[in-house]
Amino acid sequence: MRGFETGQTVVRRDVHRAGRVWGELALRVVAGTGEALVTVCAPGAKARWSELYARARAEGDRSLRTEAFEAMATGEWELAAGMWQETDLLLWKPPTSWFSINAFFFPDGDGRRLRNWYVNFEHPTRRTDAGFDTLDLIVDLVVAPDLTRWEWKDEDEYAHLRRLGIVSDTEHHAVDAARGEVLAILTDPSGVFAQAERWAAWRWEPAWPTPRLPRPVAAARRVAPEGG
């Protein structure tokens, strides 16, 4: 399968098991290897999200997030245009792992500074001709820039997704295993975390335009069940 090229725009889609797109985000490729697809996002990048979820992001209203998840359980929602704001995002997605590792950078004087690492628990990669599909399973691990502290986030919402049937028992067991895997590579740094200082110094490539959704990707064709 042809790999993605550095600087290429790709689209991350979050796809519910019913096959409906829950969200789309335009990214640019930093590197693509068998180990991980590394992509980046910057303020202004185009997105589409579930309408209720987009409102929850804009308004900071967690009750709207709950409504959005209940709509996901029914399979009935509409997508609304969105935009990535405030932070630069650097994202590592190992193709077969039930998580991605993210680094968030925020403005600091004339430059950007690493705010935190963020482990997102989600489906393994399913490659498409436009990028890749996954599904955010909501529970996350927030990690300090120096890797000395971490805390779980959104456990209550994850439990609600379990009650709604959005996260199946099989997915739950996979997430539990992934939690242990992530804690192991944090405790004895390996992979991305072994190169934390190098990646903390990363900066957006000035020659790259802000990524945009290249076309309506709701019909993007999957070209392989998995892959980086």
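## Ground rules

Since the model is predicted, local features need pLDDT of at least 70 and side-chain atom pairs count only at pLDDT 80 or more, while totals for chains, interfaces and linings use all residues. Residues are numbered from 1 along each chain as its sequence is written, and side-chain values use heavy atoms, with hydrogens and water left out.

Helices (H or I, at least four residues) and strands (E, at least two) are DSSP runs, numbered from the N terminus.

## Helix H1

Let's start with H1, residues 51-59. Tyr53, Ala54 and Ala56 are its buried residues (buried is under 20% relative accessible area, exposed over 50%, partly exposed in between, with a 1.4 Å probe and protein chains only). Looking down the axis of H1, these fall within an arc of 160°, so they line one face of the helix (the arc is that of the directions from the helix axis to the C-beta atoms).

Ala58 and Glu59 are exposed on the face turned away from that buried side. The cover over the buried residues of H1 includes strands S2 (21-32), S4 (46-50) and S5 (79-83), plus helix H2 (62-74).

## Helix H2

H2 has 13 residues that should span 18 Å at 1.5 Å a residue, and its end C-alpha atoms are 19 Å apart, which agrees (the expected span is 1.5 Å times one less than the number of residues). Its buried residues are Leu64, Arg65, Ala68, Phe69, Ala71 and Met72. They cover an arc of only 155° around the axis, which puts them on the same side of H2.

Among the elements covering that side are S2, S4, H1, S11 and H3. H2 is followed by Gly75, whose phi is positive, near 80°.

H4 has 19 residues and runs 27 Å from first C-alpha to last, close to the 27 Å expected. Buried in H4 are Glu171, His172, Ala174, Val175, Ala178, Arg179, Val182, Ile185 and Leu186. Their arc is only 155° around the axis, which puts them on the same side of H4. Over on the other side, Asp169, Thr170, His173, Ala177 and Thr187 are exposed.

H3 (residues 155-164) packs on H4 (residues 169-187) at about 155°, with the axes 11 Å apart (axes are lines fitted to C-alpha atoms, for helices over the stretch in contact, and angles run from 0 to 180 degrees between N-to-C directions). Glu155, Tyr158 and Arg162 of H3 meet Asp169, His172, Val175 and Arg179 of H4 (contact means heavy atoms within 4.5 Å).
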